[in-house]
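Here is a short briefing on one protein model. Please look over the sequence and the structure before reading the points below.

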Amino acid sequence: MTTPSGRRPKHLSSSPFKPAAEPVVEVFEVGDRVTHDLYGLGQVTHVDSQAVTADFGSKSVRIAHPYPKLHHL
């Protein structure tokens with residue numbers, strides 16, 4: 001659950017539940033070989049602070065941060 005500002009509420013120490021794990025955001029560099037759940041195998045061609053552009057052969061796709069379906073090979 002997140003608040004309207006996108007932040008998670010503070011975890012109470014008296015809660016019987018474990019706090020939610022923070023997602024790990026991968027760091028990509030130009031030339032990295034990657035795989036995408038929809039587009040398949042590709043190579044990173046451009047990186048900026050908001051997105052990664054990868055060439056998947058038939059098309060070049062810009063994938064926004066936090067790169068939900070993009071993984072290093």
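This is a predicted model: local features need pLDDT of at least 70, side-chain atom pairs count only at pLDDT 80 or more; totals for chains, interfaces and linings use all residues.

Five strands form an open sheet in the order 4-3-2-1-5, with antiparallel pairing. The largest nonpolar core has 10 residues. By the rules applied, there is one salt bridge and there are two aromatic pairs.

**Sheet layout**

- The strand order across the open sheet is 4-3-2-1-5.
- Strand 4 and strand 5 stand at the edges, and each has a single partner strand, so one side of each lacks a neighbour in the sheet.
- From one strand to the next, the twist averages 40°.
- Strands of a sheet pair through backbone hydrogen bonds, in a parallel or an antiparallel sense.

**Strand 1 and strand 2**

- Strand 1 and strand 2 run antiparallel and are joined by four bridges.
- The two make a hairpin, with three residues between them.
- Arg33 has Gln43 of strand 2 as its bridge partner.

**Strand 2 and strand 3**

- Four bridges also link strand 2 to strand 3, again antiparallel.
- This hairpin has three residues between its strands.
- His46 faces Thr53 of strand 3 across the pairing.
- Val47 stands opposite Val52, which is in strand 3.

**Strand 3 and strand 4**

- Strand 3 and strand 4 pair over five bridges in the antiparallel sense.
- Their hairpin has four residues between the strands, and Gly57 there takes a positive phi near 90°.
- Asp55 is opposite Ser60 of strand 4.
- Thr53 is opposite Arg62, also of strand 4.
- Strand 3 is mostly covered, with four of its five residues buried.

**Nonpolar core**

- Which residues make up the largest nonpolar core? They are Phe28, Val34, Val44, Val52, Ala54, Phe56, Val61, Ile63, Tyr67 and Leu70.
- Strand 3 and strand 4 each supply at least two residues of this core.
- Val61 is one of the core residues. Leaving out residues up to four places away in sequence, Val61 touches Tyr39, Val52, Thr53, Ala54 and Phe56.
- Nonpolar side chains tend to be buried together in soluble globular proteins.

**Aromatic pairs**

- The count of aromatic pairs is two.
- One of them joins Phe28 and Tyr67: the ring centres are 5.2 Å apart and the planes lie at 90°, so the pair is edge-to-face.
- Phe28 lies in the segment before strand 1 (33-36), and Tyr67 lies in the loop between strand 4 and strand 5 (70-72), so the pair ties together parts 39 residues apart in sequence.
- Phe28 is buried, at a relative accessible area of 5%.
- Tyr67 is also buried, at 9% relative accessibility.
- Both Phe28 and Tyr67 belong to the largest nonpolar core.

**Salt bridge**

- What kind of contact do the side chains of Asp48 and Arg62 make? They meet in a salt bridge, with an N to O distance of 3.7 Å.
- Asp48 is partly exposed, with a relative accessible area of 30%.
- Arg62 is exposed, with a relative accessible area of 55%.
- Side chains of opposite charge can pair when their charged atoms come close.

**Glu29, before the sheet**

- Glu29 is in the segment before strand 1.
- Is Glu29 buried or exposed? Glu29 is exposed, with a relative accessible area of 54%.
- Setting aside neighbours within four places in sequence, Glu29 is in contact with Val44 and Val47.
- Val44 is among the residues of the largest nonpolar core, and Val47 stands opposite Val52 in strand 3.
- Glu29 and Gln50 are 21 residues apart along the chain, and their C-alpha atoms are separated by 13 Å.

Conventions. Residues are numbered from 1 along each chain as its sequence is written. Side-chain values use heavy atoms; hydrogens and water are left out. A salt bridge is a side-chain nitrogen of Lys or Arg within 4 Å of a carboxyl oxygen of Asp or Glu. Buried means under 20% relative accessible area, exposed over 50%, partly exposed in between (1.4 Å probe, protein chains only). Rings of Phe, Tyr and Trp (its six-membered ring) pair if their centres lie within 6.5 Å; planes under 30 degrees apart count as stacked, over 60 as edge-to-face and the rest as tilted. Two strands pair if DSSP finds at least two bridges between them. Axes are lines fitted to C-alpha atoms, for helices over the stretch in contact, and angles run from 0 to 180 degrees between N-to-C directions. A nonpolar core is a set of buried Ala, Val, Leu, Ile, Met, Phe, Trp, Tyr and Cys residues joined through side-chain atoms within 4.5 Å. Contact means heavy atoms within 4.5 Å.
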